[in-house]
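Subject: Handover of a model

Hi,

Here is the structure I promised. Please load it before reading on.

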Amino acid sequence: MPIDQYANSFVCNLVAYEPGKPIDETARELGLDPSQIVKVASNENPLGPSPLAKIAIREAAEESHIYPDGGGYRLRSAIADSFSMDISNVILGNGSNEIIELLCHTFLNRDAELIAAEHAFVVYKLMATLFGAKYVEVPDPGFIHDLDAMADAITQNTRLVFIANPNNPTGTMVGQEAIDRFMARLPDHVVAVFDEAYFEFPDSPPDVLKYIHQGKNVCVLRTFSKIHGLAALRVGYGLASKNVATFICQKQRQPFNVNSIAQAAALAALGDTDHIAKTRAVNQAGMKFYEKELAARGLEFVPSFANFLLVKTGDGDQVFRDMLKQGVIVRAMSSYKLPDWVRISIGTEAQNQRCLEVLDSVLAAATT
Ligand SMILES: *Cc1c(COP(=O)(O)O)cnc(C)c1O
């Protein structure tokens with residue numbers, strides 16, 4: 001009998017996560033220099049890592065022979081201080097993706113249900129599937145999470161509700177009122193997870209930390225991968241009420257889940273207000289540029305609170321492949337059941353211009 005017969009069926013049937021196409025791979029395939037490739041596929045920071053983090057990385061590299069502080073004391077303390085919380089409210093993860101997995105480890109089993117929006121970040125579905133749990137997908141009219149409908153979907157078996165705010169890949173955000181209404185209906189057997197990977201981009205994001213201060217069953221996920229520009233180092237954090245955090249921090253995680261270079265870099269990046277401000281400014285300028293240019297072309301897009309835009313181009317897989325041939329990597333959205341759309345990360349001014357030029361040429365060729 002082949003070994004497949006003995007593997008968990010829900011693992012065999014899983015469709016693996018497809019990341020943005022790497023720059024090196026694209027350059028090899030096209031015979032180009034990697035510096036000629038524009039990657040706007042993974043919502044990375046176009047300005048690069050926080051400069052303060054780069055200094056910290058070099059220093060931390062000197063101590064690479066020493067195991068990391070598994071408890072992440074300095075980074076967790078700094079995060080706790082910046083949100084007037086206790087260190088026991090702070091969870092570190094190998095990317096915030098790891099914290100998603102740890103939440104699933106803690107709360108899911110074959111009888112449990114995880115609720116998310118129809119066009120939510122795809123990792124929630126992957127994780128629910130890996131744990132053999134039931135994934136409940138709630139329609140999101142206009143690509144905006146419908147929190148009333150998500151509260152309606154809660155059953156006795158529900159354990160986790162994921163709210164990505166702003167959401168990836170739609171860029172939409174739900175406001176304070178809808179969240180407060182949702183939280184008033186949250187039963188004791190359910191944890192609300194607010195995935196705030198893009199929290200630093202919108203001007204006035206809703207406040208969900210108040211629910212942690214109130215001791216509600218809430219976990220808020222943040223990351224150093226996006227505005228801080230540290231995606232390669234894999235470090236994110238969760239903020240949670242003590243009862244939720246204890247499970248994840250002390251019982252579930254690997255002893256050294258976040259390496260010391262990542263911890264040092266994150267600590268420096270957290271205080272790099274200059275880099276954060278510059279990144280927001282570049283993002284806002286780029287967002288304005290795209291909104292104006294796409295509207296001028298009559299191309300539909302979803303207004304975004306984050307650092308990327310969902311654009312309706314028709315046949316997104318084809319547009320992805322055609323743009324790739326010209327060295328621009330965008331993200332096709334067919335895996336999100338959005339076959340006519342691509343997601344474009346906001347880049348530097350030069351990257352945005354190049355991306356739009358290539359999109360124009362690809363769309364012009366498609367109509368002739
Ligand atoms: C990018 C992203 C993350 C962050 O993932 P990391 O593992 O921290 O790199 C989490 N959630 C959403 C919705 C994202 O888009």
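Below are my notes on the domains, the ligand site and the backbone.

This is a predicted model, so local features need pLDDT of at least 70 and side-chain atom pairs count only at pLDDT 80 or more, while totals for chains, interfaces and linings use all residues. Residues are numbered from 1 along each chain as its sequence is written, and side-chain values use heavy atoms, with hydrogens and water left out.

Domains

The protein chain is assigned domain 1 (3-48 + 274-366) and domain 2 (51-270). Those bounds come from an automatic or database domain assignment. The two centres, taken over C-alpha atoms, are 24 Å apart.

Interface

In contact (heavy atoms within 4.5 Å) are 31 residues of domain 1 and 35 residues of domain 2. Together the domains bury about 2,700 Å², with 66% of it on carbon and sulfur atoms. Buried area here is the accessible area (1.4 Å probe) lost when two parts are put together, summed over both. On the domain 1 side, Phe-10, Phe-305 and Tyr-336 lose the most area, together 24% of what that side buries.

Two salt bridges cross the interface. The rule is a side-chain nitrogen of Lys or Arg within 4 Å of a carboxyl oxygen of Asp or Glu. Asp-203 and Arg-280 form a salt bridge, with their closest N and O atoms 3.0 Å apart.

Ligand site

Asp-195 places one 2.7 Å from a ligand nitrogen. Tyr-198 has one 2.6 Å from a ligand oxygen. An N or O atom in the Ser-225 side chain is 2.6 Å from a ligand oxygen.

Backbone

Most residues other than glycine have a negative phi, and most peptide bonds are trans. The Asn-165 to Pro-166 bond is cis, with omega near -10°. The Asn-168 to Pro-169 bond is also cis, with omega near 20°. Pro-166 sits in the loop between strand E5 (158-164) and helix H8 (176-184), and Pro-169 is in the loop between E5 and H8 too. Helices (H or I, at least four residues) and strands (E, at least two) are DSSP runs, numbered from the N terminus. Ser-84 has a positive phi, near 50°. Ser-84 lies in the loop between helix H4 (73-82) and strand E2 (90-93).

Best wishes

How values were computed. Polar contact = N/O pair within 3.5 Å; in protein donor to acceptor, adjacent residues only side chain to side chain.
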